[in-house]
Amino acid sequence: MTEPWRLLALPPMPKDLLELLFGDERLEVVVPAERTQAAVEELVPTVDLLLGDWTPQLRITTPGDRVCFVQQPSVGTDGIDLAACAAQGVPVANCAGSNSVSVAEWCVGATLNVLRKTLQAD
C-alpha cells in the first residue's frame, strides 16, 4: 500500500469533524496544533494538499515543494497567495457560486425589511 495523502485542513472546525468529512485510508487529515500562522508554516512542507481557511486568520503564503493542490472552501481566494502557487505550478480552486442562493435570499429579505419596515415593527 502506498502512503496516504496528507491534507492540511485550516478551517476552524474540530479535527474529528474534518476527518469525518474528508478522511479515509487514502487521506490523512492534519490540523495545526494551534491556530497560528507559524503553526501553518511549519506544517506546509509536510503535506500534499491544502484546504484553506474561510476566516482571515490563517493564510497560505507558499504552497511548499510537496503540495500539489490548494482548495479554498469558500467563494474567494483572499487567504491564498495566488502568485506563489502559480509560480510553483500548484492549481488553486475555490467554491465560486456556492452561496449564491443564500445571498439572493438575504437580498430579498433585506429588501422586504426596508420596504415593510419589519425591523422597526418588531
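Mentor: Helices (H or I, at least four residues) and strands (E, at least two) are DSSP runs, numbered from the N terminus. The model is predicted, with local features needing pLDDT of at least 70 and side-chain atom pairs pLDDT 80 or more, while totals for chains, interfaces and linings use all residues. Residues are numbered from 1 along each chain as its sequence is written, and side-chain values use heavy atoms, leaving out hydrogens and water.

Helix 4, residues 100–116, has 17 residues and reaches 24 Å from first to last C-alpha, close to the 24 Å expected at 1.5 Å a residue (1.5 Å times one less than the number of residues). Lys-117 follows helix 4 with a positive phi near 55 degrees, although Lys-117 is not a glycine, and it lies in the loop between helix 4 and helix 5 (118–121).

Beyond four places in sequence, Val-67 is in contact (heavy atoms within 4.5 Å) with Val-44, Val-47, Asp-48, Leu-50 and Val-90.

Asp-65, in the loop between strand 3 (49–51) and strand 4 (69–71), is exposed at 79% relative accessible area (exposed is over 50%, buried under 20%, partly exposed in between; 1.4 Å probe, protein chains only). Asp-65 and Asp-48 are 17 residues apart in sequence and 9.0 Å apart in space, C-alpha to C-alpha.
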